[in-house]
Amino acid sequence: MIRRVVLALCLAVALPLTGCTPGGDSSSTPTVATPDFRQPGAAKAMVQQLLSDAQSQQALMVKITEHSVEVSVLKDDKVVTWANRDGTVTQVASDLAYVDQATFDVGAFEFNDIGAMFRAASGQSGSAANQSLTIVDYSGGKVMMSVSTEPESRTIFFTPDGSLMEIVDFNTEGGLVRGVQSAIGSRGTIYSLSVISDQSATVDYPGPDDTTIRRARAQKVPVTTTVRSGAADLPLFAASMVDPRAIWRVVQNQRGNEGVSENSTWSVTVDNREKSTPRMYFTFGFTVVVTDLAGNVIGK
């Protein structure tokens with residue numbers, strides 16, 4: 001009778017206790033169930049718990065895999081990391097170094113359904129191997145949410161609302177407009193704007209302490225910023241003078257002309273190198289075309 005009662009209790013409560021076997025040691029340590037943070041709501045709830053354990057609501061980095069969640073915060077200019085790894089919550093050592101990265105409010109990012117985000121990322125990257133979602137300062141204080149894999153495939157970026165970041169096609173008018181606007185951002189004056197049709201749009205503008213900052217929006221990568229010493233040897237002009245639709249009109253008008261194929265790659269640089277008024281300098285293979293900012297051809 002006692003044997004039957006023990007078996008019935010084990011089945012009823014469905015707990016994975018090693019002591020729930022006939023004749024077993026009832027003092028054995030319970031087996032901790034491995035969490036699946038791909039389930040809706042699971043990762044987000046754990047991030048909030050880890051932030052509470054770390055006594056902070058501003059994160060330096062969040063990293064989520066199928067079976068683990070890590071949250072790093074800044075305490076007295078030192079990185080403190082709490083994690084849930086395979087069901088165990090504890091403070092852990094971190095290899096993340098603090099070099100003036102931006103902290104952020106986790107609530108500004110939507111990652112309630114990690115499973116859906118992993119599936120969307122694998123659809124673009126072609127890999128679902130050991131996926132991890134990371135929220136961190138990606139470049140120049142801009143915090144981004146992305147999914148990567150091991151072995152490494154293409155990193156897939158998401159907007160704060162959890163949507164896939166747009167892949168910008170500079171060979172369409174709409175893609176060109178959005179790519180140029182992303183590169184310019186809130187800049188009022190710039191040294192130059194350049195577009196390479198199968199790569200990116202970049203903008204150079206003055207930085208602090210005699211530096212030049214470059215903002216670049218690549219096809220599949222969000223805006224990055226880099227800084228180099230020294231000012232550019234170009235006059236500044238208003239970024240609002242650049243019209244991406246005028247750039248597109250020139251591309252459309254030149255393709256199919258002598259020496260330029262219908263599907264030719266192209267590039268353009270807009271600057272005031274003549275120190276009179278800004279011009280647009282296009283290259284189609286070996287063909288060079290110069291236009292005004294409205295797209296009217298001035299020379300070849």
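# A predicted chain, in questions and answers

The chain has a mean pLDDT of 89, and 89% of its residues reach 70 or more, pLDDT being the predictor's confidence in each residue, from 0 to 100. This is a predicted model, in which local features need pLDDT of at least 70 and side-chain atom pairs count only at pLDDT 80 or more, while totals for chains, interfaces and linings use all residues. Residues are numbered from 1 along each chain as its sequence is written, and side-chain values use heavy atoms, with hydrogens and water left out.

Visitor: How many helices and strands does the chain have?

Guide: Helices (H or I, at least four residues) and strands (E, at least two) are DSSP runs, numbered from the N terminus. On that basis, the secondary structure of the chain comes to five helices and 19 strands.

Visitor: Which strands stand at the edges of the open sheet?

Guide: Seven strands form this open sheet with antiparallel pairing, in the order 5-4-3-2-7-8-9, where two strands pair if DSSP finds at least two bridges between them. Each edge strand has a single partner strand, so one side of each is left without a neighbour in the sheet. The edge strands are strand 5 (88-92) and strand 9 (156-158).

Visitor: Which residue of strand 3 is the bridge partner of Lys63?

Guide: Strand 2 (residues 61-64) and strand 3 (residues 68-75) pair in the antiparallel sense over four bridges. In strand 3, the bridge partner of Lys63 is Glu70.

Visitor: What angle does the direction of helix 2 make with that of strand 3?

Guide: Helix 2 (residues 42-53) packs on the sheet and touches strand 2, strand 3, strand 4 (78-85) and strand 5. Axes are lines fitted to C-alpha atoms, for helices over the stretch in contact, and angles run from 0 to 180 degrees between N-to-C directions. The direction of helix 2 makes with that of strand 3 an angle of about 35 degrees.

Visitor: Is Arg255 buried or exposed?

Guide: Arg255 lies in the loop between helix 5 (244-254) and strand 16 (267-271). Buried means under 20% relative accessible area, exposed over 50%, and partly exposed in between (1.4 Å probe, protein chains only). Because its relative accessible area is 13%, Arg255 is buried.

Visitor: Which residue's side chain does a polar contact of 2.6 Å join to that of Arg255?

Guide: A polar contact is a pair of N or O atoms within 3.5 Å; within protein, one must be able to donate a hydrogen and the other to accept it, and residues adjacent in sequence count only if both atoms are side-chain atoms. The backbone oxygen of Ser264 lies 2.7 Å from a polar atom of the Arg255 side chain. The side chain joined to Arg255 by the polar contact of 2.6 Å belongs to Asn171.

Visitor: What is the value of phi for Asp76?

Guide: Most residues other than glycine have a negative phi, and most peptide bonds are trans. Asp76 is in the loop between strand 3 and strand 4, and counts as exposed because its relative accessibility is 75%. Its phi is positive, although Asp76 is a residue other than glycine, with a value near 55 degrees.

Key. Contact = heavy atoms within 4.5 Å.
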